[in-house]
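Dear colleague,

I am pleased to hand over the structure below. My notes on it follow.

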Amino acid sequence: MPHDVALIALIAAGFVFAAIFGYLADRLHLPPLVGYLVAGVIIGSSTPGFVADVSLASQLAEIGVILLMFGVGLHFSAADLLAVRGVAIPGAIGQIAIATLLGVGLTSLWGWSVGAGVVFGLSLAVASTVVLLKALEERNLVSSINGRVAVGWLIVEDLAMVLALVLLPAFAGVLGGHADAGGHAASGSIWLTIGMTLVKVAAFAAVAIFVGPRVVPWLLTSVARTGSRELFTLSVLAIALGIAFGAAEIFGVSFALGAFFAGLGMSESHLSHRAAAASRPLQNAFSVLFFVSVGMLFDPTVLIREPLMIIGVLALIMLGKSLIAFGVVLLLRYPASMGFAVSAGLAQIGEFSFILAGLGVSLGLLTREGQDLILAGAILSITLNPLAFYATEKLEKWTFARWPSLATKYGMAKQEILRRELTVINKQREERDRQHHLEIEQLIETFPMFAELDDSAHEELLLLFRPRSASPGDRVIRTGDRGDSMFFIASGAVEVQLEDDEIPLGAGAFFGEMALLTGARRTADVVAVDFCQLFVLDRRDFNLFMSRHPQLRAAVSRMARERQESNVSRQRRDLSQDAG
């Protein structure tokens, strides 16, 4: 196959096989992602027939992870993240530490080195946010208290893995890896490395939480004012991918984490729902390639070669981690229901596990066999994760039936505090959305001529309008001025002063359109006769908006002609009366 079509071949084969096996999985009452994983195995190097480019697949998969994490951030907020910090931070750190120790203990039984055990344990300790998000979406739990805690928990895990990826090369020599990899530790500069890493991660988090929510919505609003839907979609993707790449290059964090905080910043904009809708199709498409790429890395023969090891890996991922998470949640005095929800979400591993395993192999800490076991654990745990949710739900019902106090008393005080915090956040978000919808409703009520436009056009108008006030006696327009804007009266009244007449205009009316339509200068003075709130539409914005909505331009032109004909008729009538 020619090299220049490898990308096309990969995308075509990935989507075709994913569609086929995803449909078959659905017919067998399995999650479609199981079919996507099987599709990856089919086109991977471990099975005969067509073999896709694995390196390209991993990059496309990374785009899928970026877009999915961006979507998570759009539905999250900095306030959400801070609200769940009491359980997410100690819970995630404690669970990672204990799971890693269990990994070291398991590999010691197999005769592996401590370094291999550390890499192995860390790889199994961190769950996939992408898989968790899919599971929560299917159960409509993303916005629930437990769903937010689970997402916040995994975000903390991602931050911890960023630190692990930076520190692992520095400790490689000490752990038994390549001698040159441990040079930093031997030279005593390891603490400088740790310090620099913490400073960079803290700087990124500060920029993302405090600067992002101010800059990103402004950028989005500026683009939305152009009215171009394709430019808006392009800008959403540019912000997501640009911030993700910049975060990785400048601050050394992962693409996924950078994308999450990009979405977090955009979530503060009233256009966040529109941004989510614009990016959703690409999120879905590239998330499929993520699961396909995971399947491409898998060597199915490991299931035959090392069945007992596979069972041990699965037991640690699906039982060990879940029990640890459940125990940590209870120790932190949070409800058992939260422990069950987090446990089910953590019963799988994903993207960070592959990255850690690959780094461990490159540093000489982990063997290829260890990497295959991690990949096998990922494939099987992702496939079985829906079953883990189902089993957890059944176990939760049985537990609460046997010990009712766990459901009604234990951890309720802390849950109530968390519930109140999240309720306040929800109300603030709902109030922001309500105010925005109210603005649109008031716009349509005041100016019925805009009623036929769709919601996107209404949002665009609100962005294009420049508010202006006028007091009684203020001259808004002067005769002979250049017509550079059109005015809509939201409240109050003005008087159009013609040579021989004065025409009152109230709320819901507009004026100044003739100069914009004809290019001529102003032909009348317009004076405020009451306290007025006006919406001003500049010439450029007027022309752009009307070009996209010709029916509105026709209506404005018709009303302007009728007004002009009425003025002419009135002048003729006045002249006739004077002559009589």
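Is the crossing of helix 6 and helix 18 left-handed or right-handed? The crossing of these two helices is right-handed (a crossing is right-handed if the near helix is turned clockwise from the far one by less than a right angle, left-handed if anticlockwise). Helices here are DSSP runs of H or I, at least four residues, numbered from the N terminus.

Please note that this is a predicted model, in which local features need pLDDT of at least 70, side-chain atom pairs count only at pLDDT 80 or more, and totals for chains, interfaces and linings use all residues. Residues are numbered from 1 along each chain as its sequence is written, and side-chain values use heavy atoms, with hydrogens and water left out.

Helix 6 (residues 114–125) packs against helix 18 at an angle of about 15°, with the axes 11 Å apart. Helix 6 is therefore roughly parallel to helix 18 (angles under 35 degrees count as such; axes are lines fitted to C-alpha atoms over the stretch in contact, and angles run from 0 to 180 degrees between N-to-C directions). Phe120, Ser123 and Leu124 of helix 6 meet Gly370, Leu373 and Ile374 of helix 18, contact meaning heavy atoms within 4.5 Å.

Helix 18 (368–402) also supplies at least two residues to the lining of the largest cavity, as does helix 7 (129–138). Helix 7 gives the most, with 4 residues. Lining residues have an atom within 4 Å of a cavity point, a cavity being a set of points on a 1 Å grid over the protein atoms alone where a 1.4 Å probe fits but cannot get out. Among the lining residues are Lys134, Glu138 and Asn385.

Yours sincerely

Methods: On a 1 Å grid over the protein atoms alone, a cavity is a set of points where a 1.4 Å probe fits but cannot get out, and a pocket is an open set with protein on both sides within 12 Å along at least five of seven lines; lining residues have an atom within 4 Å of a point. Angles under 35 degrees count as roughly parallel, over 145 as roughly antiparallel, 65 to 115 as roughly perpendicular and the rest as oblique.
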